Structure formats: structure tokens, C-alpha cells
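Subject: Structure handover

Hello,

Please keep it open while you read.

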Amino acid sequence: MISLLLFLAALWISGESRSICPDSNTICQLPGGKIACCEFANGVCCPGGKVCCDEGFACAENDTCLRKISALKKTAPIKNVICPDQTECAENNTCCKTTSGRYGCCPSPDATCCADEIHCCAHGLQCDLEGGKCREPDAVVSMMKKTAAILRSNEGV
């Protein structure tokens with residue numbers, strides 16, 4: 001938001017400059033000691049003394065205001081898991097050999113690949129192929145089925 005500054009004469013009382021701007025305005029000090037009132041409570045006084053911007057905006061060229069945009073946090077790039085046959089699985093997946101001899105993706109990091117080359121179990125669990133479950137000493141959970149891995153492109157290699 002932009003506002004034209006309202007120029008007011010400053011009153012000099014006991015050596016201090018006091019303006020007659022309303023309390024809800026921002027006081028802008030201009031070149032030559034003049035005072036201007038910006039209609040915004042937390043306004044930004046722009047150089048040149050013609051305009052002021054509302055809070056969250058910044059002074060720009062041609063007496064305009066631009067909304068400030070906060071910087072985005074950098075996130076780590078997704079790092080696909082590269083399988084021994086040069087196919088890829090998504091991050092936090094495990095490459096497991098399939099019945100075709102290629103690799104598939106188990107949707108769990110550091111997973112246990114089952115001997116049937118179809119299923120896998122989460123890290124630390126053992127494959128119970130007869131029961132079709134994943135086991136640990138005090139728990140039994142369902143096995144996960146692998147998904148197909150994607151063929152890696154040779155771009156950037």
C-alpha cells in the first residue's frame with residue numbers, strides 16, 4: 001500500500017520537534033527538517049519524501065511500494081537411492097532384487113529384502129515367508145510389496 005505524505009509544519013516546544021500528526025500515523029523526517037505524516041501506523045518513510053509504504057512493504061523506484069517477501073528456506077535436494085543395476089528408488093527406500101533379476105523399491109529405509117524377491121520388511125524385522133508377515137520377537141506386521149524401480153537417465157553422468 002502506498003500513501004502520499006501529508007506535510008505538516010513542526011511545532012517547536014522547548015527545543016523538541018513535535019508534530020501535529022495523529023497518534024495512529026508514522027512521523028517521517030524530511031530533508032530540511034520538515035515533518036510529514038504517513039497515514040500508516042508502522043509506515044516506512046521513503047527517500048525523496050513524497051510517499052510512505054505500509055508495514056510489510058518496501059520503498060521502490062518511481063515512488064511505489066513493493067510487498068516484502070520472506071526468503072524461502074533451502075531444503076536439501078531429494079537424493080534417490082541408486083540400485084546396483086543403475087535403476088533408482090525414491091529417497092528413504094531400499095533397493096531389493098526382484099524375481100526378474102532387476103531391482104525393485106521397498107518403501108522403507110534400510111529394509112530387509114525377503115528371499116522370495118517379492119516382499120520386504122522394515123529395518124530390524126525378519127521375513128516370515130510361510131506366515132506372510134514380518135516378525136520381531138514381540139511383534140508381527142504385514143509384509144510390504146516392492147514397487148518397480150525407475151530406469152536412471154544418463155544425464156549429468
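Strands here are DSSP runs of E with at least two residues, numbered from the N terminus. The model is predicted, so local features need pLDDT of at least 70 and side-chain atom pairs count only at pLDDT 80 or more, while totals for chains, interfaces and linings use all residues. Residues are numbered from 1 along each chain as its sequence is written, and side-chain values use heavy atoms, with hydrogens and water left out.

Loops

Gln-86 sits in the loop between β11 (81–82) and β12 (87–89). Its phi is near 70°, a positive value in a residue other than glycine. Gln-86 is partly exposed, at a relative accessible area of 43% (buried is under 20%, exposed over 50%, partly exposed in between, with a 1.4 Å probe and protein chains only). Asn-92 also has a positive phi without being glycine, near 65°; this residue belongs to the loop between β12 and β13 (94–97).

Hairpins

Two strands count as paired if DSSP finds at least two bridges between them. β9 (residues 57–60) and β10 (residues 64–67) run antiparallel, joined by 4 bridges. Ala-58 faces Leu-66 of β10 across this pair. The hairpin has 3 residues between its strands, and Asn-62 there has a positive phi near 60°.

β17 (residues 126–128) pairs with β18 (residues 133–136) in the antiparallel sense, over 3 bridges. Opposite Gln-126 is Arg-135 in β18. In this hairpin 4 residues lie between the strands, and Gly-132 takes a positive phi near 65°.

Regards
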